[in-house]
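Here is a short tour of one protein chain, written for someone new to reading structures. Take a moment with the picture, then follow the points below.

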Amino acid sequence: MAGIYFHIPFCKQACHYCDFHFSTNFRNVTQLVYAMKVELRLRADYVDSELIETIYFGGGTPSAIPPHLIGELIDEVRQIHEVSKDAEISLEANPDDLTKENLQAWKSYGINRLSIGVQSFVDEHLKFMNRAHNSEEAINGLTWAKEIGITNITMDLIYGIPNMTMEQWHSNLQTFFDLDLPHLSAYGLTIEDQTHLGHLVKTHQVQTEKDSNYNVQFEYLMNATQAQGFDHYEISNFGKPGFYSGHNTAYWLGKKYVGIGPSAHSFNGKERSWNVASNMKYTKLLKEEKLPSEIENLSINDQFNEYVLTRLRTIWGIETRQIKTQFGDKFQNILNSSITPYVRSGHVLFDGVSYTLSTEGKYLADKISSDLFVID
Ligand code: SF4
């Protein structure tokens, strides 16, 4: 069982907080998609003929390119790989692209899950973050998506936006609940140095939110989603039973995936590879039928750290039996001594099978996992 990720590196405009790889110049979209098909063929063996269970279009903004190009990529996957008949095929979409025509087209090509970048229903937040849509477009688009029969929908919300009030955060969550969607991804705004927002903070034009405000908003998020029947199955992800993200869950559980497109990463259990983060270099290399990637063979320490980092954030947690069989007694002993203080303090729970974060531990997820890392 494996997954395929397509990174579609185009956006209409740059959101002020974003440090992903994308271009706002759409001129070479068709050539780039052609190069992605070549990469898909060159990497045909990467996942060892395993059944493809998930296909995910992320970016960038996959919804901003002509829908038939998405259809062509799905067809190409089907020609090269065996795809499960129940495969989850997801597309990230921005609300301003959710026209009835686009929704119909994506559905006809096989898209059966949408991930909508709403971020906030408050127009002043959307302007502050330089998003290309407004809240009315988000509500209309989500409503149309359901009307045409795409029911597996998730949306993104951001909390910790400078000057966001608790009332605005409550109202954003209430609007999400009123839309009756089965999944939510909610992220605290992070300020990366090399972004426009990073510049505004560095030059004191914008003040970041205090950690205490983040924590209050995160606490409200956890309580409100739980009261509405959502499982908090990963630190930033909340799903109704049966609606967890199949693609991301496979990633968190260490399954194989191949990443196609500029800046995309791949993982086959033994090695990780990542593609060049330049649309031009990517297209040029694939024209010459050369893979545009570098390979990193993961050391045992890297594999252990990766396992700890991803699993501790999930409800499945760090399984002691898997640590023993995959990494051996040495790592099991190291883990025992580094995690015990957190079990004693109540930040980590242990049920005899796996270690998971308690509610208190979720506020410190990053610190706890870095304290568990084994450094070379
Ligand atoms: S639409 Fe998404 S990928 Fe594009 S700039 Fe905004 S946040 Fe980044």
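This is a predicted model: local features need pLDDT of at least 70, side-chain atom pairs count only at pLDDT 80 or more; totals for chains, interfaces and linings use all residues.

- Where they touch, eight residues of domain 1 are in contact with nine residues of domain 2.
- On the domain 1 side of this meeting place, helix 8 (211–227) and strand 7 (231–234) each contribute at least two residues.
- Sorted by class, the residues on that side of domain 1 are five nonpolar, one polar and two charged.

**A look at helix 2**
- Helix 2 has 14 residues (residues 67–80), which should span 20 Å at 1.5 Å a residue; its end C-alpha atoms lie 21 Å apart, in agreement with that.
- P67, I70, L73, I74 and V77 of helix 2 are buried.
- Looking down the axis of helix 2, you would find its buried residues within an arc of 120°, so they line one face of the helix.
- H68 and Q79 sit on the other side of helix 2 and are exposed.
- What do the buried residues of helix 2 pack against? Their partners are strand 1 (2–8), helix 1 (29–42), strand 2 (52–59), strand 3 (83–93) and helix 3 (100–109).

**Around the ligand**
- The residues surrounding the ligand include C11, A14, C15 and C18, and F20, F22, G59, G60, T61, N94 and G117 also belong to this shell.
- The shell around the ligand is made of six nonpolar and five polar residues, with no charged ones.

Technical notes. Residues are numbered from 1 along each chain as its sequence is written. Helices (H or I, at least four residues) and strands (E, at least two) are DSSP runs, numbered from the N terminus. The expected span of a helix is 1.5 Å times one less than its number of residues. A residue is buried if 20 or more other C-beta atoms lie within 10 Å of its own, exposed if 12 or fewer, and partly exposed in between; C-beta atoms are placed from the backbone. The arc is that of the directions from the helix axis to the C-beta atoms. Two residues are in contact if their C-beta atoms, placed from the backbone, lie within 7 Å. A residue is near a molecule or strand if its C-beta atom, placed from the backbone, lies within 6 Å of it. Ala, Val, Leu, Ile, Met, Phe, Trp, Tyr, Cys and Pro count as nonpolar, Asp, Glu, Lys and Arg as charged, and the others, Gly among them, as polar.
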